[in-house]
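Hello,

Here is the structure I said I would pass on. Please open it alongside this message.

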Amino acid sequence: MAALWWRRLPGLRGAVRGLSGKKEYDLLVVGGGSGGLACAKEAAQFGRKVAVLDYVEPSPQGTKWGLGGTCVNVGCIPKKLMHQAALLGSAVRDAQHYGWNIAQPVHHTWSVMAQAVQNYVKSLNWGHRVQLQDKKVKYFNMKGSFSDPYTVCGLTKGGKETIVTAENIVIATGGRPKYPTHIAGALEYGITSDDLFWLKESPGKTLVVGASFSLECAGFLTGIGLDATVMMRSIALRGFDQQMASLVTEHMESYGTKFLKRCLPTKVEKLESNRLQVTWKNTELGTEETDSFDTVMWAVGRAPDTETLNLETAGVKTNSETGKIVVDASEATSVPHIYAIGDITEGRPELTPTAIAAGRLLARRLFGQSSELMDYDNVPTTVFTPLEYGCVGLSEEAAVQCYGSDNIEVYHAYYKPLEFTVAERDATQCYMKMVCLRESEQRILGLHFIGPNAGEVIQGFALGIKCGATYPQLMKTIGIHPTCAEEVTKLHITKRSGLDATVTGC
Amino acid sequence: DYDLIIIGGGSGGLACSKEAAALGKKVMVLDYVVPTPLGTSWGLGGTCVNVGCIPKKLMHQAALLGQALQDSRKYGWQYEEQVKHNWEVMVEAIQNYIGSLNWGYRVSLREKSVTYLNSYGEFIEPHKIKATNRKGQVTYHTAETFVLATGERPRYLGIPGDKEYCITSDDLFSLPYCPGKTLVVGASYVALECAGFLAGLGLDVTVMVRSILLRGFDQEMAEKVGAYMETHGVKFIRKFVPVQASMPGRLKVTAKSTEGPEIFEEEYNTVLIAVGRDACTRNIGLETIGVKINEKNGKVPVNDEEQTNVPYVYAIGDILEGKLELTPVAIQAGRLLARRLYGGSSTKCDYINVPTTVFTPLEYGSCGLAEERAIEEYGKQNLEVYHSLFWPLEWTVPGRDNNTCYAKIICSKLDNNRVIGLHVLGPNAGEVTQGFAAAIKCGLTKELLDETIGIHPTCAEVFTTMDITKSSGQDITQRGC
């Protein structure tokens with residue numbers, strides 16, 4: 001209501017502006033993560049006066065970190081590095097097949113890995129601070145909240161207050177992991193991804209509750225030799241192609257990760273040994289089960305970080321269900337000069353590159369005379385589970401829903417990476433499929449790939465899809481030999497034919 | 001007797017034969033490996049399977065795993081410091097895999113009712129060949145159409161001692177003993193890839209180069225490939241050519257400078273000659289039936305339907321004049337040829353923008369034009385080159401080679417900033433490049449690259465955020481994030 005009022009009475013707005021005088025900054029960004037920093041730095045390139053507020057509220061376990069946001073500190077970066085540590089464990093095993101003599105035993109020390117990862121992350125925090133300085137962006141390590149639509153009050157850890165006013169404000173405060181507070185002991189005894197990457201000591205026998213990010217975590221924990229279990233309520237990787245999701249979890253099972261499917265935790269208690277006793281309900285069997293773990297990690301979703309922002313004062317509308325900020329195609333909120341980007345926005349992918357792109361384009365539209373809007377279509381992603389899954393475009397079920405199964409053609413193949421042969425590795429779940437329209441042109445709607453280096457494989461094809469690639473065009477593309485990616489250019493067996501989709505490389 | 005006889009059971013020949021058989025034709029494939037001077041031979045499948053792509057990539061993988069072992073310690077893995085590589089274990093594993101491929105091909109041909117003869121084929125009159133097997137037994141066969149797919153074999157230097165004491169890639173992949181201290185002569189991708197993985201396995205490796213590296217490839221990228229190898233322990237002797245290989249005790253190589261009177265002498269355990277490959281077209285009776293070849297290099301000129309000057313004789317693969325020597329190209333050409341001959345198709349093989357990857361220690365993938373070729377064809381003022389250095393995330397923890405990996409795209413200003421050349425130097429270059437090759441085939445432009453969201457964190461995403469042009473002269477050194 002307040003927002004509409006402001007919009008319909010520009011005169012009044014102008015009067016108010018006149019009242020409070022010229023704003024200190026052209027742009028204030030609240031949140032120094034992927035989106036926020038990209039936006040701030042781009043705006044500064046146009047010679048604008050820019051300020052960034054970033055503050056990390058410690059996790060319930062007390063973990064906190066520096067400038068850079070989720071991706072750098074508790075997301076993509078440490079996740080991929082720990083995934084790499086796990087992959088290297090497999091590499092050590094493979095190496096022996098390739099002639100390398102490695103004396104047993106081989107074991108992994110968490111603290112060496114954690115320290116190396118944490119040191120690298122800290123160097124990135126530092127790098128970001130230097131970059132902001134270089135680009136003359138003012139940085140406040142303060143928690144921001146709106147005192148009026150053009151004013152944000154920043155609070156330091158020590159309680160010091162600073163008032164910042166700006167012509168344009170961008171909210172990019174991201175999200176934080178959710179705690180299932182209805183479960184007894186969840187908050188006191190459980191950790192989340194916020195804590196996992198900063199643990200100084202090994203998490204030991206771990207239970208990861210959740211069905212998406214949990215897979216990546218449980219995956220690398222298994223890979224470094226820990227006993228890891230995933231507890232899922234229903235399906236894995238909700239929103240992703242479900243055939244691919246099954247292959248991902250199937251692989252993890254053969255890899256050594258334990259799964260408790262269709263189970264709901266009911267309570268977490270601390271034992272004398274300091275271990276955690278978790279009790280859960282097996283909804284399929286209707287039984288109650290229990291086991292003890294060293295660590296319980298909640299990965300049941302993330303909630304937008306808007307509580308302390310005081311959005312109502314500014315008049316910024318949020319989605320009543322998700323709590324995320326509602327924006328239009330130009331990233332504007334219900335208040336014209338207030339924008340929002342990144343994980344905090346409703347209906348957008350929660351990915352670093354989209355936040356960065358949105359932030360950059362926004363800055364260019366505000367200060368660079370650009371009118372280019374973000375294209376959220378066909379955004380490629382990769383799930384960094386032990387066997388990686390990369391995809392772009394529609395899942396098979398979404399394509400069927402959109403066009404009808406008679407109007408789509410799915411080409412697929414089970415392949416074996418050359419490197420797996422000598423290493424005697426199981427390639428059962430190495431699979432790819434291309435979902436195309438069936439009509440003459442056969443435009444590609446979606447591409448899904450499970451295998452090593454899935455991100456590297458998919459990226460270029462995402463470009464192809466952006467160029468409107470069709471199945472015939474892909475077939476005209478010559479493969480690079482020997483790679484896994486070349487199999488995409490050789491896909492020829494359709495699901496419809498019912499033929500065996502196993503292909504041999506050469 | 002046959003609809004189609006194919007001479008050569010390699011990537012191209014086999015693909016063509018299987019496609020033709022699937023279209024209901026009576027097909028025969030002849031495949032025969034003349035042993036190397038040292039006596040090395042191999043089974044059905046051609047160069048790629050036996051002495052090319054496959055064993056090469058597997059040995060490259062073995063070397064990469066050596067690097068992975070070093071990295072693993074930084075990621076918390078602990079095991080005894082002393083890690084040595086056992087050549088024989090690796091060769092046995094690789095040869096076993098190749099053996100399974102040879103077997104697989106034989107089964108596949110049988111299943112598709114393609115007649116396979118392990119015999120040397122030569123033309124004796126139009127439409128007729130003579131086939132001689134290992135035991136010397138001779139048979140004769142006729143066909144309506146023939147396809148030449150005999151491929152190539154490594155060239156020797158033509159200096160005293162080369163055939164007696166030196167080996168080539170034909171011998172390397174099944175060498176029963178560790179090559180030890182090795183001299184690689186040549187600067188082709190074969191030379192650099194072999195030198196690269198030998199060094200990665202812990203051997204003392206030197207590369208002797210007459211002039212430039214990777215002739216025909218983008219030279220800026222070629223130099224970077226070489227520079228990385230040098231930083232990682234491969235020795236280079238540039239502007240020298242060997243003049244003699246002798247064995248007074250150990251294997252001794254004498255070389256001469258290309259620029260002066262300087263002489264170089266050194267002893268090695270192994271000398272690997274990788275100075276190029278010659279087409280196997282000289283002794284198969286082509287003169288008898290009038291098929292013209294390029295006398296200089298033995299290659300066969302064909303039209304855009306792979307037809308030679310003799311209408312019923314076609315040629316595919318490495319022996320083609322002016323075409324790329326790549327397995328996927330041969331396979332594609334072979335398949336499409338069969339479909340045109342017997343399937344009523346008119347689709348020709350598209351040789352434009354064929355992507356490739358050089359599997360050196362730091363891999364180099366490319367699609368489209370080299371920068372110097374682009375400048376030649378379009379003029380420097382009509383091009384914009386975007387470039388970037390990048391640091392693979394996986395290299396940060398072990399602190400490896402920052403500001404070494406490199407990517408560039410060459411865009412044509414005359415055509416909407418269309419991407420006419422893409423080059424990347426980094427890990428998994430082949431996996432990165434493949435998708436972009438498809439995009440280039442669909443008319444990729446710089447704008448589309450900018451509009452596409454990257455996958456994070458990967459190396460490939462570097463192409464979606466390239467801002468700096470060469471013409472701006474701006475520094476592309478990466479600092480932190």
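My notes on selected sites and salt bridges follow.

Please keep in mind that this is a predicted model.

Active site

The UniProt record, an unreviewed entry, lists His456(B) under "active site". His456(B) sits in the segment after helix H14 (446-451) of chain B. With a relative accessible area of 23%, His456(B) is partly exposed. Leaving out residues up to four places away in sequence, His456(B) touches Cys71(A), Cys76(A), Ile77(A), Thr352(A), Pro353(A), Phe384(A) and Glu461(B). The side chains of His456(B) and Glu461(B) are also joined by a polar contact of 2.9 Å.

Binding site

The unreviewed UniProt entry places a "binding site" at Gly186(B), Ala187(B), Ser188(B), Tyr189(B), Val190(B), Ala191(B), Leu192(B), Glu193(B) and Gly276(B). These positions span 91 residues in sequence, but no two of their C-alpha atoms are more than 13.5 Å apart, so they gather at one spot.

I looked at two of these residues in detail. Gly186(B) is in the loop between strand E10 (182-185) and helix H7 (189-200) of chain B, and counts as buried at 8% relative accessibility. Beyond its neighbours within four places in sequence, Gly186(B) contacts Ala191(B), Val207(B), Met208(B), Val209(B), Ala274(B) and Val275(B). Leu192(B) belongs to helix H7 of chain B and is buried, with a relative accessible area of 0%. Among the residues that Leu192(B) touches are Ala187(B), Val207(B), Phe236(B) and Thr360(B).

Around strand E19 of chain B

Pro355(B) is in the loop between helix H10 (327-342) and E19 of chain B. Its relative accessible area is 1%, so Pro355(B) is buried. Pro355(B) and Cys367(B) are 12 residues apart along the chain, with their C-alpha atoms separated by 4.2 Å. The contacts of Pro355(B) include Ile478(A), Gly479(A) and Ile480(A), as well as Cys367(B).

Thr357(B) lies in strand E19 (residues 356-358) and counts as buried at 11% relative accessibility. Its contacts include Ile480(A), and also Glu193(B), one of the "binding site" positions in the UniProt record.

Surface patch

Ile124(B), Val138(B) and Tyr140(B) make up a nonpolar surface patch with about 250 Å² of accessible area together. Tyr140(B) is in strand E8 (residues 138-148) of chain B and is partly exposed at 45% relative accessible area.

Salt bridges

Over all chains, the structure holds 52 salt bridges. One of them joins the side chains of Lys205(A) and Asp291(A) (3.1 Å, N to O). Lys205(A) is in the loop between helix H8 (193-196) and strand E10 (206-209) of chain A, while Asp291(A) is in strand E15 (residues 287-293) of chain A, so this pair ties together parts that are 86 residues apart in sequence. Lys205(A) is buried at 15% relative accessible area, whereas Asp291(A) is partly exposed at 28%.

Arg275(A) and Asp294(A) also meet in a salt bridge through their side chains (2.9 Å, N to O). This pair ties together parts of chain A that are 19 residues apart in sequence. Arg275(A) is partly exposed at 27%, and Asp294(A) is partly exposed at 35%.

Lys490(A) and Glu486(A) form a salt bridge in which the closest N and O atoms are 3.8 Å apart. Here Lys490(A) is partly exposed at 27% relative accessibility, and Glu486(A) is buried at 3%. In chain B, salt bridges that share partners link Asp218(B), Glu220(B), Glu371(B), Lys408(B) and Lys470(B) into one network.

Regards

Methods:
Residues are numbered from 1 along each chain as its sequence is written. Chains are lettered from A and ligands numbered from 1 in the order in which they are written. This is a predicted model: local features need pLDDT of at least 70, side-chain atom pairs count only at pLDDT 80 or more; totals for chains, interfaces and linings use all residues. Side-chain values use heavy atoms; hydrogens and water are left out. UniProt positions are given in the numbering used here, feature names are shortened, and annotations may be inferred rather than shown by experiment. Helices (H or I, at least four residues) and strands (E, at least two) are DSSP runs, numbered from the N terminus. Buried means under 20% relative accessible area, exposed over 50%, partly exposed in between (1.4 Å probe, protein chains only). Contact means heavy atoms within 4.5 Å. A polar contact is a pair of N or O atoms within 3.5 Å; within protein, one must be able to donate a hydrogen and the other to accept it, and residues adjacent in sequence count only if both atoms are side-chain atoms. Patches are made of residues with over 30% relative accessible area and no salt bridge: like charges are joined within 9 Å, nonpolar side chains (Val, Leu, Ile, Met, Phe, Trp, Tyr) within 5 Å. Accessible areas come from the Shrake-Rupley method with a 1.4 Å probe; for residues, only the protein chains shown count as cover. A salt bridge is a side-chain nitrogen of Lys or Arg within 4 Å of a carboxyl oxygen of Asp or Glu.
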